[in-house]
Amino acid sequence: MSKFSYPIEHIRGIAFDVDGVLSPTVVPLGDDGVPRRMANLKDGFAMVKAVKAGIKMAIITGAVAPGLRERFSAIGITDFYAGVGDKLQILKQWMADNNLKPAQVAFVGDDLPDCDAMRYVGLGVAPQDASRDAIASANYVCNANGGYGVARELLEEIMRAQGIWPSQSVAFG
C-alpha cells in the first residue's frame, strides 16, 4: 500500500527546485563567494532511471550557478530553468510544452517561492526540513531532508507504483 494519499501511478512529470530539495540548505561558499552545492548520488541514480523510463522532468530554480545545468544535463534532464522568479508561470509553460495536466504532475519545493507551483499541481511535495509555508502547501512531506534523498524517495515510490522501478538484475544496465 502506498504511503501517498494521491494516486501517484498517474504522475507523468516532475519538476524540482534545487536548493533545499536536491541540495541541502546549508552549502559551503568557495573563495569566490559562489555556493558549492552537493549532489546526492541516490537522487541522481533515481533521476536517470526515471528519465530512461519516460518520466518527464524539469528543474525550475531561482538559483543561477555554474555547473547546475551541466549536472542535470548529464542525468538526462534537458528542461532546465534557472534564475526563475515566477516558478508557476514556467511550470505552466513546461506542462503545456509536454502536454501534461496538473493531475499528472508533481512539484517538489522547500520554500515560499515554490508554494504556488506546489498547490497548482496534483502532487505538491516538500522535504522534511522545508519551510512552514512549503509544508502547508504540500500533499506529501518526505522522510528525507533536502539534499539527502528527496528525489530518490519520491521517484522510487512513483516508479514502484507504476511497475517501472528497475529490478536488481538490471539496475546498472
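Figure 1. Asp 133 is partly exposed because its relative accessible area is 40%, where buried means under 20%, exposed over 50% and partly exposed in between (1.4 Å probe, protein chains only). The structure is a predicted model, in which local features need pLDDT of at least 70, side-chain atom pairs count only at pLDDT 80 or more, and totals for chains, interfaces and linings use all residues. Residues are numbered from 1 along each chain as its sequence is written, and side-chain values use heavy atoms, with hydrogens and water left out. Asp 133 belongs to helix 5, residues 132-137; helices (H or I, at least four residues) and strands (E, at least two) are DSSP runs, numbered from the N terminus. Leaving aside residues up to four places away in sequence, Asp 133 touches Leu 112 and Cys 115, a contact being heavy atoms within 4.5 Å. Pro 24 is 109 residues from Asp 133 in sequence, and the two lie 18 Å apart in space, C-alpha to C-alpha.

**Figure 2. Val 84 in the loop between strand 3 and helix 3.** Strand 3 covers residues 79-81, and Val 84 is placed in the loop between this strand and helix 3. Is Val 84 buried or exposed? Val 84 is buried, since its relative accessible area is 13%. Not counting residues up to four places away in sequence, Val 84 touches Ile 60, Thr 61, Gly 62 and Ile 90. Between Val 84 and Asp 114 there are 30 residues of separation in sequence and 11 Å in space, C-alpha to C-alpha.

**Figure 3. Asn 99 and Lys 101 in the loop between helix 3 and strand 4.** Asn 99 lies in the loop that runs between helix 3 (87-97) and strand 4 (105-108). Lys 101 also lies in the loop between helix 3 and strand 4. Asn 99 counts as exposed because its relative accessibility is 65%. Lys 101 has a relative accessibility of 56% and so counts as exposed. The phi angle of Asn 99 is near 55°, a positive value in a residue other than glycine. Lys 101 and Ile 77 are separated by 24 residues in sequence and by 20 Å in space, C-alpha to C-alpha.

**Figure 4. The largest pocket.** Rolling a probe the size of a water molecule over the atoms shows where empty space is left. The largest pocket has a volume of about 240 Å³. Its lining has 19 residues, and the closest to the pocket centre are Arg 37, Met 38, Ala 39, Leu 68 and Arg 71. Two or more lining residues come from each of helix 1 (41-52) and helix 2 (68-75). The lining divides into 11 nonpolar, 4 polar and 4 charged residues. Here Ala, Val, Leu, Ile, Met, Phe, Trp, Tyr, Cys and Pro count as nonpolar, Asp, Glu, Lys and Arg as charged, and the others, Gly among them, as polar. On a 1 Å grid over the protein atoms alone, a pocket is an open set of points where a 1.4 Å probe fits, with protein on both sides within 12 Å along at least five of seven lines; lining residues have an atom within 4 Å of a point. Grid points are joined across faces, edges and corners, and the volume is the space filled by probe spheres set on the points.

**Figure 5. The setting of the close-ups in the chain.** The protein chain has 6 helices and 6 strands, and along the sequence they follow the pattern β-α-β-α-β-α-β-α-β-α-β-α. Of its 173 residues, 48% count as buried.
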